[in-house]
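Dear colleague,

I am passing on a structure that will be new to you, and I have set down below what I found in it. Please look it over first and then read on.

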Amino acid sequence: MKLPRPCKVCQRPMQLEVWDDVVAECERNAVTKRDFLGWLNRLVPMATCNRCFDMIAGKKAVMDRIYEAAGKLIAGVESKEERAGIRLTLERETKRFSQIMAHYFQLESAFWDVEFVEQIIEQPMKVKTILSSYEQLLRRQMKGAV
């Protein structure tokens with residue numbers, strides 16, 4: 001059984017496939033059917049296409065590492081070596097973030113500048129706002145508004 005459904009993120013049409021053996025079991029068992037329909041009603045609205053899911057999963061993993069580095073800065077870093085390690089981590093992960101987002105927005109290249117890292121180091125409490133602003137910039141760039 002195939003269910004037509006738009007992706008929750010990009011709204012592109014897609015088809016959710018329910019395995020035939022699940023459909024057959026539901027036809028045989030009323031309790032299974034009730035449970036399955038309840039499960040389906042909860043999950044179907046959250047469905048995303050593969051492209052959007054890959055972006056969400058990749059972005060979350062990278063953002064978690066950026067948040068962890070920012071958390072270390074907020075907690076206070078004593079040694080220069082530790083600070084240099086955090087800077088390298090932020091550079092690597094912000095570049096990954098840029099690549100993931102540029103790929104998702106189908107841009108030819110990811111815009112990245114060391115200023116991205118500097119902002120996070122100077123204001124680690126605003127890391128979420130900084131990442132969100134960057135994503136909005138790419139969104140506008142994709143639409144040709146920049």
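K59 lies in helix α3, and please bear in mind throughout that the model is a predicted one. At 18% relative accessibility this lysine counts as buried, because the cut-off for that term is under 20% relative accessible area. If its neighbours within four places in sequence are left aside, K59 is in contact with F97, I100, M101 and E135. R83, by contrast, is 24 residues from K59 in sequence and 24 Å from it in space, taken from C-alpha to C-alpha.

Helix α3 itself covers residues 50–75, and its 26 residues reach 37 Å from the first C-alpha to the last, which is close to the 38 Å expected at 1.5 Å a residue. Besides K59, the buried residues of α3 include C52, M55, V62, M63 and I66, as well as A69, A70 and L73, and the buried residues of this helix pack against α4 (80–104), α5 and α6. After α3 comes G76, which has a positive phi near 105°.

Turning to two of those partners, the axes of α5 (residues 114–122) and α6 (residues 127–143) come within 9 Å and cross at roughly 155°; the two helices are therefore roughly antiparallel to each other, since angles over 145 degrees are classed in that way. Their crossing is right-handed. On the α5 side F116, Q119 and I120 take part, and they meet V127, I130, L131 and Y134 of α6; by class, this contact has 6 nonpolar residues, 1 polar residue and no charged ones.

Key. Residues are numbered from 1 along each chain as its sequence is written. This is a predicted model: local features need pLDDT of at least 70, side-chain atom pairs count only at pLDDT 80 or more; totals for chains, interfaces and linings use all residues. Side-chain values use heavy atoms; hydrogens and water are left out. Axes are lines fitted to C-alpha atoms, for helices over the stretch in contact, and angles run from 0 to 180 degrees between N-to-C directions. Helices (H or I, at least four residues) and strands (E, at least two) are DSSP runs, numbered from the N terminus. Angles under 35 degrees count as roughly parallel, over 145 as roughly antiparallel, 65 to 115 as roughly perpendicular and the rest as oblique. A crossing is left-handed if the near helix is turned anticlockwise from the far one by less than a right angle, and right-handed if clockwise. Contact means heavy atoms within 4.5 Å. Ala, Val, Leu, Ile, Met, Phe, Trp, Tyr, Cys and Pro count as nonpolar, Asp, Glu, Lys and Arg as charged, and the others, Gly among them, as polar. The expected span of a helix is 1.5 Å times one less than its number of residues. Buried means under 20% relative accessible area, exposed over 50%, partly exposed in between (1.4 Å probe, protein chains only).
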